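Let's take a walk through a protein model together. Have the sequence and the 3D view open, and follow along as we go.

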Amino acid sequence: MTPTQARTLAGIQAELARLVRYDDESIVDEAWIRQRYDLGAAASYAPARTAAVRTAWHEAGHAVAALSVGARFSSASIRHGSGTQGRVHGIQGDRENGFVIDAAGQIAERLRDWSMPTGDDELRAWLPTWRADGGDARRFRRGIAARFGDDEVAAWRHCEQALIPHRPRIRQVARALLVHPRHLPYAVVAAVAASV
């Protein structure tokens, strides 16, 4: 970790400690709210705040999944762009479990409010609707073929089992993304996740 990254990590840890009693929507840095509002992605600050939280959990899911399977990435961000609301940049490694990383954003969003599909019928009805997600759905379907064939339900359940134990880490990384108004380098994300 570079000295700059160490300072970033120390600042995030201090901010998270100060805001430990506040919910996610209360800790969103104003830069993320204002950016979504100024770009017209949200009609007011309230939906901008909600969108930032949802995006933070989504990207934290990808980041923690990458960490858990031993993949590396350059950085994670919840910056709203032209075609994306956030991104974990430059994921490399572990192609065999790449589909877990691809599903992790959607799973993390559901872990946030414990709204996981309960039965296979519910999941089987939802999976075909999962399409426009920055390529995650397409990569997930391509990635499961060698191990699960076209059994998306079994592959999804495998991903859930892999990620549910990491919910505390996902939450901590999401909160770090919310309080820090810039991208977080890999080393910082890894340290934040390890602090839980």
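How far apart do the axes of helix α1 (residues 3-18) and helix α9 (residues 186-194) come, and at roughly what angle do they cross? The axes of α1 and α9 come within 9 Å and cross at roughly 35°. Here, axes are lines fitted to C-alpha atoms, for helices over the stretch in contact, and angles run from 0 to 180 degrees between N-to-C directions.

A quick word on the ground rules. This is a predicted model, where local features need pLDDT of at least 70 and side-chain atom pairs count only at pLDDT 80 or more, while totals for chains, interfaces and linings use all residues. Residues are numbered from 1 along each chain as its sequence is written, and side-chain values use heavy atoms, with hydrogens and water left out.

**The whole chain**

The protein chain has 9 helices and 3 strands. Helices (H or I, at least four residues) and strands (E, at least two) are DSSP runs, numbered from the N terminus. Reading from the N terminus on, the elements go α-α-α-β-β-α-α-α-α-α-β-α.

What about overall size? Along the principal axes, the C-alpha atoms fill a box of roughly 45 × 40 × 30 Å. A compact globule with 196 residues would have a radius of gyration near 16 Å, and the protein chain agrees because its value is 16 Å. That radius is taken over C-alpha atoms, and the globule rule is 2.2 Å times the number of residues to the power 0.38.

Of the 196 residues, 49% count as buried. Buried means under 20% relative accessible area, exposed means over 50%, and partly exposed is in between (1.4 Å probe, protein chains only). Among contacts with a separation of 6 or more, 70% come from residues 24 or more positions apart. Contact means heavy atoms within 4.5 Å.

**Back to α1 and α9**

The crossing of α1 and α9 is right-handed. A crossing gets that label if the near helix is turned clockwise from the far one by less than a right angle, and left-handed if anticlockwise. On the α1 side you'll find Q5, T8, L9 and I12, which meet A187, V188, A191 and V192 in α9. This contact has 6 nonpolar residues, 2 polar and no charged. For that sorting, Ala, Val, Leu, Ile, Met, Phe, Trp, Tyr, Cys and Pro count as nonpolar, Asp, Glu, Lys and Arg as charged, and the others, Gly among them, as polar.

**α3 with α8**

Now find helix α3 (residues 45-69) and helix α8 (residues 167-179), which pack at an angle of about 125° with their axes 8 Å apart. α3 and α8 are therefore oblique to each other. Angles under 35 degrees count as roughly parallel, over 145 as roughly antiparallel, 65 to 115 as roughly perpendicular and the rest as oblique. The crossing of α3 past α8 is right-handed. Residues making the contact include A52, A56 and W57 of α3, along with I170, A174 and L178 of α8. The contact's residues divide into 12 nonpolar, 1 polar and 4 charged.

Let's zoom in on A52, which sits in helix α3. Leaving aside neighbours within four places in sequence, A52 is in contact with V28, W32, R36, I78 and L178.

α6 and helix α7 (residues 152-163) pack at an angle of about 95°, with their axes 10 Å apart. α6 and α7 are therefore roughly perpendicular to each other. F140, R141, I144, R147 and F148 in α6 meet E152, A154, A155, W156, H158 and C159 in α7. Sorted by type, this contact has 7 nonpolar, 1 polar and 3 charged residues.

| Residue | Relative accessible area | Class |
|---|---|---|
| A52 | 0% | buried |
| G143 | 28% | partly exposed |
| D120 | 37% | partly exposed |
| W114 | 56% | exposed |

G143 is in helix α6 (residues 136-148).

D120 belongs to helix α5. Not counting residues up to four places away in sequence, D120 touches V153 and R157. The C-alpha atoms of D120 and V153 are separated by 7.0 Å, with the pair 33 residues apart along the chain.

Where is W114? You'll find W114 in the loop between α4 (98-112) and α5 (120-126). The phi of W114 is near 55°, a positive value in a residue other than glycine. Most residues other than glycine have a negative phi.
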